[in-house]
Amino acid sequence: MINLEAIKAEISNAIGADKVRDDIVTLVAYSRDWSPRPAEELILPNLVVRPETTEEVAAVVKICNKYHIPVVPVGGMTGMGGGTLTFYGGVVIDTKGLNKILEIDRENLTVTAQAGITIKALNDELSKYGLWLPHDPESKPTSTLGAAIACDNDSTFGVRWGKMLDHVLSAVVVTGSGEIIRVGNRKAYCSSSGLKLHALFVGSEGTLGVITEVTLRVLPIPEYRWVDGALFKSIKDAVNAAQKLLSSGLPIDAININDRFRLQFYTHAYRVKYGREPKVPEETQAILFFSMSGDKELVDFAKDHARKIIEKFGGQIIEEREIIESWWKSKHTLDFDPFKQKWPDSQRSRKFGAADVGVPPGRLEDLHREFVRAVEKHGLKILGMNIYNERIGCISPSVSCAVYVGDSEDEVKRFYEYVKEMSKIAIDLEGTASTYIGDTWRLLDVMEYEHGRALEYMRKIKEIFDPNWIMNPGKKFVLPRDIEEKYRGLRC
Amino acid sequence: MLEVELRKLGEWRDEVYTCNRTRCGYCQEGCLPYKVLGFEHYSSRGRMITIRALVERKIDFSESLVDSSFNCFLCGFCDAKCALFPTNIFTALRRELFVARKIPEPIKTVVDSVAKFGNPYGLPREDRAVWAKNANIRRRGQVLFFTGCIYPYLYPKRIHAIYLLLEKIGVEAVYVPEIEGCCGYPVFLTGDWETFDAIAKANYKAWKERGIKKIVSPCPGCVYTISEIYPKFIDGFELEATHVVMSVFEEFDCGRIKLNRLNRTFTYHDPCDLSRKLKLVEQPRKLIEALGDLIEPKYNKFFARCCGGGGMVSAYNPQLHLKASLERAQELVDTQAEIITTTCPTCYRTLDKGLKRIKAKTSLEDLNALLLDIVY
């Protein structure tokens, strides 16, 4: 029998009682992330701690490991897959207390920071030096560095600068046994030495340990950016045009391809301003949005060249700048009117939910067909497909197959069945089950289908870092039966 | 205008569930209680989910719920970053706590002082008008000069200067100490709406009996309370309330007055009640820009951070009040402007504490009073 009071006392003694809470109000506040869940569901941890140093994190994990009690590290809690939910209770480590910038190295273009700082806060500080971390998810005001690494989420600028894997040079992590180790190669941008353990933590979803400190490469902020968009008769045409934009050597730094269903989100501002619909040809099936950045003279030249390519590939340039600005606001600037931020207002009755799959570029039309079919099959309402591109310099689809989800138990259940089906379809299309949300608990049934025998190797790696399966149990890996039974009793 | 809506907590279900299904957390960035205290339930997002649990009767009126509720400045940063107006809901939470007799002792003391002495500080009622004793004060007219509580008790010289400013720009305002008391805002914020109702109605009755048609005040909290909250409690409410800065701006904007340029650099702290609640952000800036160069702090206008003086936190948790003032003071100092200015006595008082604590050399000026020597 686990004595939670004793564990609380021991943790309080180690890191200070003011950083440890177990009152119901605190626990409730950590009961949910951005994932679709039934309206009245509460999944509570037993304890929430808010350490401020790597050593404090290690002390907490050591105690939890000694008592074999689950540990769930959380960052901004904006994950869309339930990665921070404490299905087996345990101790939530709120990493936002680790929010200091330790070094901005201008000569070597690196920053070292504690992992609980938000991406926006880091970039606000870096901007004083003319620098930025180009990792740019929509959740950046809330999402932390550690969470962005652990969830391997998408970035607006992935097609030019990649994802967190491309930015992380090294990290300090606390393993599941409470040991502090440094992974990666200090400030080296590339290394052939050893195994790339830091890469294991990218997308690890807190199952290997807690990321507490990171050293990242950063870049000078581009002088100027131009954002543009065009309409196409098919997704394929848009992909072909985008491929040419990239191969032509233009300074492209973002590419999104949306299906027709999503157009309404970006025409709203135009409708409000002019009181009428913008002129969009009936046959439009895809909208290509892109941005280019660099020195102004160069980008100005590139703008005309890009437009020529688009027209050559059958695209129609969007002349209504309101549409383009709406897309840019929704993805990058988040510069919404005061008191009118888009997220809550667009989810007053139903939530956005998505299957986040990846397929090779040539399979996108097939995926779209399957998306429309699957949404109907599961009785959901379609929101639309958005194709992000997340590998450097190539069409590299990370696809959001988004739907509206109500918060009844039945609809949430149907949503996750839909997600699983879409993930299997993506694997069948020679792709992957998840590209920016992560496996979490929702794809446990799909893991073997995706990874086959390799999954066993992954479990062994997991056990090296976390021998007692305390780290974020029930996510990414099916728990061993005896541990599952033990943890089940902890759930509040 | 941020629409004040007085609903019972349970009637905010749609907003609470919408936040619950959104969880974007954009509200957290400029929320000083969250920054200082750290745990989720001190932010708007976290408090919203605890309210959901309360509405669903999964939790009760515990000490930690009270703590979450009163460690909030009700500054509205979350309102500006959202579309759900969370502070309406947090005000309703305080009301529920009041009804459940869960109001913390330090807060009760403030309410008692307002009820007994007509001010939150427990100071003698008659001291309110000391500043006007030897002043040449207008006694009859339709525009009432309403000082609020902070100025006459804590900054009597300055309130006199503000009165002279109004005279100088041609606003013929009367001052009637016999009918002036607290507007009741602190009481409203505690959830004691019965006492607030009585204060509001008594004030309104007295003003009407004197034939008052308009109120001008240098306190944004008073202006907000009278213009936005009173109408929710008083049927047929008919009275205009405006801030001194608006009166000056109107005269300046139509060219009837001019301002001497000081050729100094200024930064401006937006008071929450003036900016987010009354939506007055550009008018004070236009006045400041006429005086000198304006340098904006990182968080400004509708997205300004609280000075630490809002929501009765100073009474409930003086440590948080102070820490928040240090944060905001430092942010204003970081602009490297020569003069920090604001238009609210609460903000002035709170920032003054913060600036002294961080040993800032930047001077702090109350724009309301500063204008007297500059207007011509």
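The domain assignment of chain B gives three stretches: domain 1 covers 9-99, domain 2 covers 105-248, and domain 3 covers 258-373. Please bear in mind throughout that this is a predicted model.

Taken over C-alpha atoms, the centres of domain 1 of chain B and domain 2 of chain B are separated by 30 Å. Where the two meet, 6 residues of domain 1 of chain B are in contact with 6 residues of domain 2 of chain B. Which helix gives the most to the domain 1 side of chain B? It is helix H6 of chain B, residues 86-99, with 4 residues. By class, that side of domain 1 of chain B holds 4 nonpolar residues, no polar residues and 2 charged residues.

I turn now to a pair of helices in chain B. Helix H17, residues 318-333, and helix H18, residues 345-357, have axes that come within 8 Å and cross at roughly 75°. H17(B) is therefore roughly perpendicular to H18(B). From H17(B), the contact is made by Leu322(B), Ser325(B), Leu326(B), Arg328(B) and Ala329(B). The residues of H18(B) in this contact include Thr350(B), Leu351(B) and Arg357(B). Counted by class, the contact of H17(B) with H18(B) has 5 nonpolar, 3 polar and 3 charged residues.

Next, chain A. Its division is into domain 1, made of 4-96 + 460-488, then domain 2 at 99-220, domain 3 at 224-343 and domain 4 at 347-441. The centres of domain 3 of chain A and domain 4 of chain A, over C-alpha atoms, lie 22 Å apart. How many residues does each contribute to the contact? Domain 3 of chain A gives 14 residues and domain 4 of chain A gives 16 residues. On the domain 3 side of chain A, helix H9 (235-247) and strand E13 (252-259) each supply at least two residues. The largest share of that side, 6 residues, comes from H9(A). The residues of the domain 3 side of chain A divide into 8 nonpolar, 3 polar and 3 charged.

Strand E13 of chain A leads us to its pairing partner. E13(A) and E17(A) pair in the antiparallel sense over 3 bridges, and Asn258(A) has Asn386(A) in E17(A) as its bridge partner. E17(A), residues 381-389, is mostly covered, with 7 of its 9 residues buried. E17(A) also pairs with strand E18 of chain A, residues 397-405, in the antiparallel sense over 8 bridges. In that pairing, Ile382(A) stands opposite Val403(A) in E18(A).

Technical notes
Residues numbered from 1 in each chain as written. Chains lettered and ligands numbered in written order. Predicted model: local features only at pLDDT ≥ 70, side-chain atom pairs only at ≥ 80, totals over all residues. Axes fitted to C-alpha atoms, helices over the stretch in contact; angles between N-to-C directions. Parallel < 35°, antiparallel > 145°, perpendicular 65-115°, else oblique. Contact = placed C-beta atoms within 7 Å. Nonpolar A, V, L, I, M, F, W, Y, C, P; charged D, E, K, R; others polar. Domains from an automatic or database assignment. Buried ≥ 20, exposed ≤ 12 C-beta atoms within 10 Å, placed from the backbone. Pairing = 2+ DSSP bridges.
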